[in-house]
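Please keep the structure open while reading them.

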Amino acid sequence: MTLKPLSLEDYADFLLHQEGYSFLQTPEMAQLLTKKGMTVRPMAWISDNQVKVAGLLYSLPMTGGLHMEINSGPVIADQAYLTDFYKGIQDFAKKNGALQLIIKPYQTYQTFDCQGQPTSPEKTELIAQLTNMGFQFDGLQTGYPGGEPDWHYVKDLSNLTQDSLLASFSKKGKPLVKKTNSFGIKIQALDRQELSRFSKITAATSDRREYQDKPLDYYEDFYDSFGDKADFLMASINFQDYHENLLLGLDKLKEKLNQIQADLEKIPNSRKKQNEHREISSQIETFQVRLAEAKDWMAQYGTEDIDLAASLFIYTPQEMVYLFSGSLTEFNKFYAPVALQEYAMRKALDLQIPLYNFLGIQGIFDGSDGVLRFKQNFNGTIVRKMGTFRYYPQPLKFKFIQLIKKILGR
């Protein structure tokens, strides 16, 4: 039994036979991290000539040594060898000049329903496994510690079909998706040379929400590394087409209203028909307002397709992941992010991917998390990952360097 590096090809072959691993542990991610100047090693614990546990260990220079990390891993074929793997990684970090080793396991610590109520007990033994080996635990946290979420919102697609998907959404989600589909929003996967459109949307969103966006060259490198295992999707609208769709919809509503009026002439005291009359009349008023807005937008944008929102989705055999996104607030009433989510879920169904991972929520269930409220429209469940564990092969040296940095104000 030993820890040894694998070739990227052998590591990819190992993943073919595994379930439940993160896209952050794929060969495609290894290529991206390498482009960003990191040293990436697929490391494996091998017993009886079989890989039992493996993961991407990446390293980059830091003052006085190396930072080493396994993010959302390792990938576990046999749980019995996980402690051996961690010990092997600790020894490797010591021998190869690491000042700190960070592990962020992908194992699920606890599951919850869509409202945040626990549906499983806490797996405290997973934390103890690492802390008993000398790892320091950052603790169970909410929010986005270090910019990454420990709480994921997910949806099981394994028993759904194209026909049953819409019905699986929440009570609020179903009419929201139907309304979004009435706008005539177009979804397209961008080519590499079109990624500036994607970057423009995400940059506007990051400015609005005050976080650091990725630069265009990052998205280009991501595109090159992941190839057809990722989609940079853009939702756009043509206001001339939108105007024409509104006119068609208005005509249908007027036909319904005429029929209801004819029915009321026959049965003037029908409460049901009176309610239907009020409802259709209200919808007609809404359509007339939307038509006026459409004319203003047509005057401003002409016949061009206008970008509304963008999202990046990644495919592994086990899950589709919703990673980056952005939208333009002036077009919020078109709910373009909803259209992108439905499109991606339907593609996941086509590809027979059993799990849809919306990724991060705060893990706070008091109604303050707007991201959670959006994702709840699609009626999923919640999983909590374990968080971050830190190991210091040279603790005194690390503390001394941190003290010097503090004194120097770095």
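Predicted model: local features only at pLDDT ≥ 70, side-chain atom pairs only at ≥ 80, totals over all residues.

1. On the H6 side of the contact are Leu195, Ser196, Phe198, Ser199 and Thr202, and on the H7 side they meet Leu216, Tyr219, Glu220 and Tyr223. By class, the residues of this contact of H6 with H7 are five nonpolar, three polar and one charged.

2. Next, the geometry of that pair. Helix H6 covers residues 195-209 and helix H7 covers residues 216-226; their axes come within 9 Å and cross at roughly 130°. Because of that angle, H6 counts as oblique to H7. The crossing of H6 past H7 is right-handed.

3. Another helix pair involves H1 and H2. Helix H1 spans residues 8-15 and helix H2 spans residues 27-35, with axes that come within 10 Å and cross at roughly 145°. From H1, the residues Leu8, Tyr11, Ala12 and Leu15 meet Pro27, Ala30 and Gln31 of H2. This contact of H1 with H2 divides into six nonpolar residues, one polar and no charged.

4. Now the empty space inside the model. Rolling a probe the size of a water molecule over the atoms shows where empty space is left. Here the count is one cavity of 30 Å³ or more. The volume of the largest cavity is about 40 Å³.

5. Which residues line the largest cavity? The lining consists of Leu308, Ala309, Ser327, Leu328, Phe331, Asn332, Tyr335, Ala336 and Pro337. Sorted by class, the lining holds seven nonpolar residues, two polar and no charged. Strand S12 (305-315) and helix H10 (336-350) each contribute at least two residues to the lining of this cavity.

6. Check the backbone at glycine 73 and proline 74. The peptide bond that joins these two residues is cis, with omega about 5°. Where does proline 74 lie? Its position is in the loop between strand S4 (65-71) and strand S5 (75-76).

7. A further backbone detail is found at glutamine 352. This residue is not a glycine, yet glutamine 352 has a positive phi of about 60°. Glutamine 352 sits in the loop between H10 and strand S14 (355-361). Helix H10 has already come up in these notes, as a contributor to the lining of the largest cavity.

Terms used. Residues numbered from 1 in each chain as written. Heavy atoms only, no water. Axes fitted to C-alpha atoms, helices over the stretch in contact; angles between N-to-C directions. Helix = DSSP H or I, 4+ residues; strand = E, 2+ residues; numbered from the N terminus. Contact = heavy atoms within 4.5 Å. Nonpolar A, V, L, I, M, F, W, Y, C, P; charged D, E, K, R; others polar. 1 Å grid on protein atoms, 1.4 Å probe; cavity = no way out; pocket = protein on both sides within 12 Å on 5 of 7 lines; lining within 4 Å. Points joined across faces, edges and corners; volume = space filled by probe spheres on them. Parallel < 35°, antiparallel > 145°, perpendicular 65-115°, else oblique. Left-handed = near helix turned anticlockwise from the far one by under 90°.
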